[in-house]
Amino acid sequence: MAGQSGSQLSLFTPDEVEFVAEDELVEIVPNLRMDSLNFICGDYGPFYPQIAIQVPLWLALALKKRGKCTIRPPQWMSIENLTQVLEGERESHAFQTLPFHYVEISRLLFDRARDDIPDVYMVRSLVEDIRDVRFHKVETNLENFTNSSLVLQWKNMAAMEVNIIRAFSGRALQAFYRHENEQAVPDLDRTQDRQPQNLNDRPRVCRSFCCIPIFPLHHWIDKIVFISCLLDYCPTIVFLWRAYCLFVVPLQRNLRPR
Amino acid sequence: MDSGTGEGSTSFTDDYETFISTTDVDLLKRAWRNEKAAPEILQYEAALRSSLQEQNVEASEADGEDPLTMSLYQMDLDRTQFLLRSYLRVRLQKIEKYIFHILKTDESLNRLSDEEQTFAASCGDDLRAHLKETVLSKLPTDYNSELKQSAASEEDDMVPAPRLDSFVICKARQYISGLDFEPEYSHEITEMERDLLTFVCYKFIKKPLENGKIDLV
């Protein structure tokens, strides 16, 4: 069964993606006077009332929560820009230019700084529409994975979209790569592949589906029964054959993949 | 800072600006992301760890400030500590997962820090003893090795190795030409532009990743 090794290790939870997004800089307007802050991650300040300053998003949200500042929504979150981006997304197949963490930033601002955004409902609905259109494009692009796509390049995809398809696309690409190179690459990782050796002889298509193997047993039994009937040798075989025909074959026919 | 691409003054200026503005936390964040996304264990960032520990100590000693500033410093400290702890935790999980493989390969063993090497050795011993006691001592002599399936195996086929052909998502930090990749993969991947999201097999980009030219996302 194809799969990335250590799939739990390499997955980022949405909270971790949000954590990374919280380091992006936003502009705030403080309403207090404070000396500069010398953090491990950088120096910010000093803060003067009504003078705008750039700080990381986590710091902005912390100050906002304590009522010490107002957050200015970033340039790209204006209604004009978002409407333009939405038009662009709908018209072309490529992704429009948006900040890498636009999903997380917009979500955090809607949750915690709603009153600082003008026309927040309009902005929110625009962002959600953009997310839907982009994700629909992502899904369409996934259908274009082929066995020749060993190196795929996408422009302007956002962090959250990447994270959603990371596990699936990694496994799919790895499955394509392994099926391409099955003779060349020996199977070193025994703990992943628990199936017996003769699985490699089965046709590749079968790996994708959960098919139940159906053996044409009834052909051979048919011959045996015919001969035994002629010889009038084993009526029990006839009985068993009839039971097989009546009960087992219809069951197998229902389970056969179409 | 190297400007090895030789593209003129712009790349050198970019590198210089990156160099002077990159904090330890940025480097740690990058190391954390790379470690999390990579299928095998990467080189331990010893210098980063020691400098961060010094800064942690300094930050926690700050006092005499008002409660607001204290809480903000505490938040910053918490964030950095989370990154550091998660980084170390991911490495430990990888060690535990591929314990026999790491102990066998010198290359992997050299990527661990001293404490991690001690941990790996003792973990390997414990696991070996456990397997012997529960299962292997009860199997026939030809089959009771924890590294080989049977005495007839030529290589250590009971040892799970990290899957280097798994696919990862990466971004190049600068333009990468075909020379930066291993020659055997040069027909698969010839170049990578800056800041373009790429889905690629891990082993193709292993060399540029070690040289710091690629970031895993």
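Me: Which strands of chain A form an open sheet in this model, and in what order?
Reply: Three strands form it, in the order 4-1-5, with antiparallel pairing. This is a predicted model, in which local features need pLDDT of at least 70 and side-chain atom pairs count only at pLDDT 80 or more, while totals for chains, interfaces and linings use all residues. Residues are numbered from 1 along each chain as its sequence is written, chains are lettered from A and ligands numbered from 1 in the order in which they are written, and side-chain values use heavy atoms, with hydrogens and water left out.

Me: How do you know that strand 1 and strand 4 of chain A pair?
Reply: Strands are DSSP runs of E, at least two residues, and helices are runs of H or I, at least four, numbered from the N terminus. Two strands pair if DSSP finds at least two bridges between them. Strand 1 (residues 25-30) and strand 4 of chain A have four bridges, in the antiparallel sense, so they pair by that definition. A:Leu25 stands opposite A:Pro56 in strand 4 of chain A.

Me: What makes strand 4 and strand 5 of chain A edge strands?
Reply: Strand 4 (53-56) and strand 5 (69-72) of chain A each have a single partner strand, so one side of each is left without a neighbour in the sheet. The twist averages 45° from one strand to the next.

Me: Which helix lies across strand 1, strand 4 and strand 5 of chain A?
Reply: Helix 2 (residues 57-65) of chain A does, running at about 105° to strand 4 of chain A. Axes are lines fitted to C-alpha atoms, for helices over the stretch in contact, and angles run from 0 to 180 degrees between N-to-C directions.

Me: Which residues of helix 3 of chain A are called buried?
Reply: They are A:Leu82, A:Val85, A:Leu86, A:Gly88 and A:Glu89. Buried means under 20% relative accessible area, exposed over 50%, and partly exposed in between (1.4 Å probe, protein chains only). Seen down the axis of helix 3 of chain A, its buried residues fall within an arc of 165°, so they line one face of the helix. The arc is that of the directions from the helix axis to the C-beta atoms. The face turned away from the buried side carries the exposed residues A:Glu80, A:Gln84, A:Arg90 and A:Glu91.

Me: What do the buried residues of helix 3 of chain A pack against?
Reply: They pack against helix 5 (120-142) of chain A, where contact means heavy atoms within 4.5 Å.

Me: What makes a nonpolar core, and how many residues has the largest nonpolar core?
Reply: A nonpolar core is a set of buried Ala, Val, Leu, Ile, Met, Phe, Trp, Tyr and Cys residues joined through side-chain atoms within 4.5 Å. The largest has 98 residues, and those with the most contacts inside it are A:Ile28, A:Phe39, A:Leu59, B:Leu72 and B:Ile205. Its largest share, eight residues, comes from helix 5 of chain A.
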